[in-house]
Amino acid sequence: MRRLGRAARLLTLGAALGAVASCAVPSALAPGYRGSVGLPHAGFLDGAKDLPKESPGLRWRSAADFHFGVPRLVDALQDAAAAVAKQRPTGVPMFVGEISAKTGGRLPKHHSHRTGRDVDVMFFMTTLDGAPLAGAEFVKFGPDGLGVDASGRFVRFDVEREWLFVRSLLTNERIHLQWIFIATPLEALLVEHAIARGEPAEMVAMAEKVMLQPGDSLPHDDHTHVRVACEAEERVRGCIDNGPQWAWLPRIPRVEAPTSEIVEAITAPIRALPPAKPAGVAALP
Ligand SMILES: [Zn+2]
């Protein structure tokens, strides 16, 4: 099997994934594909965990959103929210936006979020006087850390609580953190704050690596987007990473990198699936 020719591998993968794609979840015809399968923008999900609507320091942004993710990401969000609430007990929770649909696949208004490894989290914010605000809405923050909310009032990016959230993710070895997409000026505010707090140089360096304003999507100045990498076992079961192999990620057994044809064979049928149906529930206040 190790010397399987490229054509044979393509045929095998294509056939298996064609069968998988026809029902959107792993089937008896492709039992090997499990968990988080494919690329963040072309994949599906099974065995997902639903983020509870409320947990210490955390709330859904909207009941209409999809909140299914790989268990380690869902757990990490709860842990991070609880850590922020414990260190800065403001009584105002962290608001979590979309993760993925229960079986993954295309979500309206998102390019990725298809494999349970991506989540949008609203920014922590305060009034100009520093009173914590419920940040359930998308507010754009400029390089000065100021924004204007839906009611037209000026609000401030809460660097302190945002850093505690980022810090919790950075120190969580189970999640295999890949990216925290965020606008560059906001990343700069967080890094400056981390240095001022006296955080270890290694942690600051890691933060600078994972925080990124992606070049192919919106600048992420109104929310942050967290992505976790595949686990080694998930790779064997069809998970594909397209990010860097950071030093803190699990060592992957030496396997041949998938060629672009193989990636195409895996992802093309999945990309063709219809988007998940909106939950149709009214947004939470
Ligand atoms: Zn996102």
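## Helices H3 and H4

H3 and H4 are roughly perpendicular to each other, because angles of 65 to 115 degrees count as such. Their axes cross at roughly 85° and come within 10 Å. H4 covers residues 184–196. This is a predicted model.

On the H3 side, the contact is made by Val-159, Glu-160, Glu-162, Trp-163 and Val-166. H4 supplies Leu-189, Leu-190, His-193 and Ala-194. Sorted by class, the contact of H3 with H4 has six nonpolar, one polar and two charged residues.

## Helices H2 and H3

H3 (residues 159–170) also packs with H2 (residues 71–87). The angle here is about 135°, and the axes lie 9 Å apart. That angle makes H2 oblique to H3. The crossing of H2 and H3 is right-handed.

From H2, the residues that meet H3 are Ala-76, Asp-79, Ala-80, Ala-83, Val-84 and Gln-87. Their counterparts in H3 are Arg-161, Leu-164, Phe-165, Ser-168 and Leu-169. The residues of this contact divide into seven nonpolar, two polar and two charged.

## A four-stranded sheet

Four strands form an open sheet. Their order is S10-S9-S12-S11, and the pairing is antiparallel. The edge strands are S10 (132–133) and S11 (146–148). Each edge strand pairs on one side only.

S9 spans residues 125–126. Two bridges join S9 to S10, and these strands run antiparallel. Thr-126 has Pro-132 in S10 as its bridge partner.

Key. Residues are numbered from 1 along each chain as its sequence is written. This is a predicted model: local features need pLDDT of at least 70, side-chain atom pairs count only at pLDDT 80 or more; totals for chains, interfaces and linings use all residues. Axes are lines fitted to C-alpha atoms, for helices over the stretch in contact, and angles run from 0 to 180 degrees between N-to-C directions. Angles under 35 degrees count as roughly parallel, over 145 as roughly antiparallel, 65 to 115 as roughly perpendicular and the rest as oblique. A crossing is left-handed if the near helix is turned anticlockwise from the far one by less than a right angle, and right-handed if clockwise. Two residues are in contact if their C-beta atoms, placed from the backbone, lie within 7 Å. Ala, Val, Leu, Ile, Met, Phe, Trp, Tyr, Cys and Pro count as nonpolar, Asp, Glu, Lys and Arg as charged, and the others, Gly among them, as polar. Two strands pair if DSSP finds at least two bridges between them.
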